[in-house]
Amino acid sequence: MPASGTTSACYHCALPIPAGSTFSVEIDGQARPMCCPGCCAAAEMIIGGGLGDYYRYREVPAARPSQESWRDHDDLTRFDRDALQRRFARSETGGLLGATLSIEGMRCAACAWLLERVLAGAGGVVSISVNLSSARADLVWDPRVAKISDLLAIAERVGYRLRPYRPDEQEASRCAEQQAALVRLGIAGLGMMQVMMFAVGLYAGALQGIESAYRDLLRWVSVVVATPVVLVAARPFFAAARRDLAARRVGMDVPVAAAIAIAYGASLVATVAHIGEVYFESVCMFTFFLTLGRYLEMRARHRGAAAVEATLRRSPATANRIDGASMEIVAVEELVAGDRVLVRPGQSVPADGRVLEGRGAVDESMLTGEHWPRLKRPGDSVVGGSRNGDSPLVVVVEHTGADTALAGIVRLLDRAGSERPRIAELADRAAALFVPRLLVLAGATAAWWCAVDPSRALWVTLSVLVVTCPCALSLATPAALTAATGALLERGFLVTRAHVLESLAKATDVVFDKTGTLTRGRFRILRKRAVADLDLATCERLAAMLEARSEHPIARAFELVEDGDGAAGVALDVVAEAGCGVEGSIDGRRLRIGRPSWVMQLAREPAPGDAAIDVPGEQAIAVPQEPPVSAPVMATNQTPHESDDGVSWVALGDRRGALAWFGLDDDVRAEAERSLVALEGLGVRIHIASGDGEAVVEALAAKLGVASVAARVTPAAKLDLVRRLQRDGGVVVMVGDGVNDAPSLGGAQVSVAMGGGTDLAMSRSDAVLLRDDLGALVDAFEMARRTRRVIVENLAWAVLYNLAALPAAAAGLVPPYWAAIGMSASSLLVVGNALRLGSGRDRRRRGARAGSDSASCGAVAELPA
């Protein structure tokens with residue numbers, strides 16, 4: 001369709017239209033001119049997909065699509081190659097793939113809206129989430145239906161360049177944003193200082209007299225200085241106001257833009273017509289202080305992401321890969337799961353893995369915030385980017401690229417950043433209700449002063465618009481939440497959902513799992529006995545084969561059991577029954593290991609002549625009456641029916657009954673008692689819910705001073721406990737680490753996963769204890785309450801300030817420049833008060849760490865792949 005000659009700018013990207021261009025697209029019933037085939041194709045795709053609202057909601061014109069993006073995408077097919085895809089794609093359940101992508105060309109919220117809907121409508125896309133503040137997208141797709149190159153090409157056709165996320169590129173984008181903000185701030189600051197100098201001359205002349213020629217000169221010089229301030233520094237306010245009005249809503253930028261435009265326009269008319277007063281100093285001062293407040297808020301928002309990306313950049317570029325008897329230096333991107341690498345003293349671990357050989361201290365402060373190195377032995381996990389100490393380690397690679405722990409942190413932070421807590425939404429709604437009433441009040445003020453004293457009507461109206469701008473009200477909550485989230489991340493507490501701090505501040509009950517939460521989750525086999533026709537060594541080997549694929553902490557107790565060939569092997573058809581144990585087949589025999597009562601259900605019926613043996617906390621079950629003479633007896637000469645607090649018994653059995661008993665012990669965390677005491681001091685009720693027997697759980701509760709105990713509970717029973725507390729009016733926090741805790745984690749108001757927990761537990765949780773230390777949970781409770789106090793202080797100040805300033809401004813007692821200072825000072829006070837949350841370290845936390853055993857070492861955090 002021929003382009004209309006009435007417009008010289010492209011409707012899509014706003015760039016000039018070349019002479020003779022005939023490209024156009026019908027939008028809202030009109031032929032809109034386009035500058036090139038790329039813009040034309042993008043607009044047709046947007047309109048054809050029913051996404052025409054994008055053009056009404058966008059703040060700024062779209063980025064111009066590259067000419068290649070609408071012709072072909074040969075260059076994008078390289079991302080379909082397996083070797084390259086391993087560097088950025090992660091495996092999801094059901095054969096799906098996921099990737100974190102950086103976005104170029106996204107300029108406003110409408111861009112994020114458009115990109116999400118364009119990709120969500122593409123075949124093969126399972127989910128797409130766009131984070132505007134970080135300019136990243138999390139994409140999950142089915143590679144059997146769509147190639148990643150096809151999806152990237154679709155995004156490019158509407159003007160957005162998506163590429164696998166790289167921290168260095170994101171840092172460059174963030175630096176560019178900060179540089180642009182600094183340029184605007186510098187222009188506004190310099191303009192304000194210069195115009196104030198000219199205003200002093202005008203004020204002195206008004207009091208003592210000044211020739212009209214000099215007055216006009218000072219006014220015209222003020223025009224020259226103030227114009228860049230309005231056109232450059234204040235441009236974001238006009239763009240946001242235009243977007244709000246196009247969307248038929250009134251945001252807080254509308255009165256800001258109106259005040260700047262009215263003051264500048266009236267001052268320009270007064271300068272040209274040589275009548276009235278000028279307010280250029282108020283325009284520049286208002287713009288400067290408001291820009292300064294938003295710049296500080298942006299810096300606080302970037303702080304958390306910058307810390308994580310700095311951690312990601314600590315991963316080395318190369319690795320020492322061991323290939324048989326030789327070793328070669330390869331790029332980290334070439335590593336795959338199963339590779340063995342040598343990490344020399346002082347080098348960084350190239351990827352997530354597990355120590356095969358060697359023993360030494362590893363600095364994981366970049367992940368946990370804990371600067372004391374952790375001792376690593378064979379079998380311990382290590383995180384890519386952590387620094388080896390003074391001993392060489394041989395590490396087998398388990399996760400690379402997008403599957404690593406640090407990449408998981410980035411995804412979790414993006415998830416938290418894309419959400420808004422309820423209190424922030426309430427503040428936004430309050431501001432949205434306040435702005436229309438402010439505009440009505442400003443109009444009423446103007447009408448009243450026009451009737452009383454027309455010469456003062458303009459500047460009084462400007463003062464009302466400026467002094468009551470709800471910027472402080474809108475900044476009160478997000479500034480505090482951003483500062484608190486960043487501070488907690490430094491202390492090893494990762495917030496992955498936006499509501500966490502708000503809910504923690506109101507929490508009344510905390511339910512702890514026992515294994516791996518209050519205890520270390522490092523089980524040891526203290527006692528063992530074969531009770532059937534198999535020798536103990538065979539029973540141990542069968543148990544190790546069943547547990548080989550389990551993620552439960554108990555499985556670690558059997559990892560080092562080996563057969564004569566040096567490996568325990570793996571069972572077939574393994575099924576994990578939550579809260580019960582593991583079942584599988586070995587050489588055609590169906591076996592179970594786990595809770596004794598559950599193991600005994602596998603037996604068809606007891607053999608004649610069998611006797612009953614009493615196991616702590618379990619019903620009597622059938623076992624052979626006389627074990628073979630060759631069956632080893634436990635070192636203490638005790639049998640499983642003898643009570644022993646702190647020892648958990650598991651059974652190994654087949655269809656005939658029990659084959660062996662294993663008595664397991666787990667160490668209580670050194671910081672558990674003082675952490676629970678600290679939580680109780682905050683008025684929080686403590687509960688322990690565990691699947692272990694009464695004797696074990698009650699012994700732990702007595703040691704920790706906990707009165708509310710639920711033993712022998714299934715995953716469903718844990719969830720019922722959480723819901724019962726909620727029905728009684730409680731706000732419940734669930735802290736766990738394993739698959740058994742996943743249902744209750746999902747049911748609590750706040751779910752917290754321990755850093756050493758399984759992937760499922762952490763993917764369902766609202767927060768993660770990266771340090772694997774309960775002291776960080778106490779920090780989170782205290783920070784949440786401090787954050788609530790700061791938010792209340794900020795909101796109270798914003799409301800009281802407006803209630804006090806509005807009558808004074810409407811009465812003509814506040815000149816425009818004082819209104820600008822007051823409004824800006826109010827916003828700066830709110831941001832500064834919020835930034836206090838991220839300053840300094842908790843003295844109690846330092847003391848607790850100093851008092852702990854410095855030689856102890858915890859499990860390293862393993863985040864969802």
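**Cavities**

I searched the whole structure and found two cavities of 30 Å³ or more. A cavity here is a set of points on a 1 Å grid over the protein atoms alone where a 1.4 Å probe fits but cannot get out. Points join across faces, edges and corners, and a volume is the space filled by probe spheres set on them.

This is a predicted model: local features need pLDDT of at least 70, side-chain atom pairs count only at pLDDT 80 or more, and totals for chains, interfaces and linings use all residues. Residues are numbered from 1 along each chain as its sequence is written, and side-chain values use heavy atoms, without hydrogens and water.

I took the largest cavity, at about 50 Å³. Its lining (residues with an atom within 4 Å of a point) consists of A259, I260, A263, S282, V283, F286, L462, V466 and P816.

I then checked the second largest cavity, which holds about 30 Å³. I listed C469, A472, A798, Y801, N802, M823, S826 and S827 as its lining. Helix 25 (775-810) and helix 26 (816-835) give two or more residues each. Helices are DSSP runs (H or I, at least four residues), numbered from the N terminus.

**E540**

I looked up E540 in helix 18 (residues 536-547). E540 counts as buried because its relative accessibility is 16%, and buried means under 20% relative accessible area (1.4 Å probe, protein chains only).

Conventions: 1 Å grid on protein atoms, 1.4 Å probe; cavity = no way out; pocket = protein on both sides within 12 Å on 5 of 7 lines; lining within 4 Å. Buried < 20%, exposed > 50% of the residue type's maximum accessible area, 1.4 Å probe, protein only.
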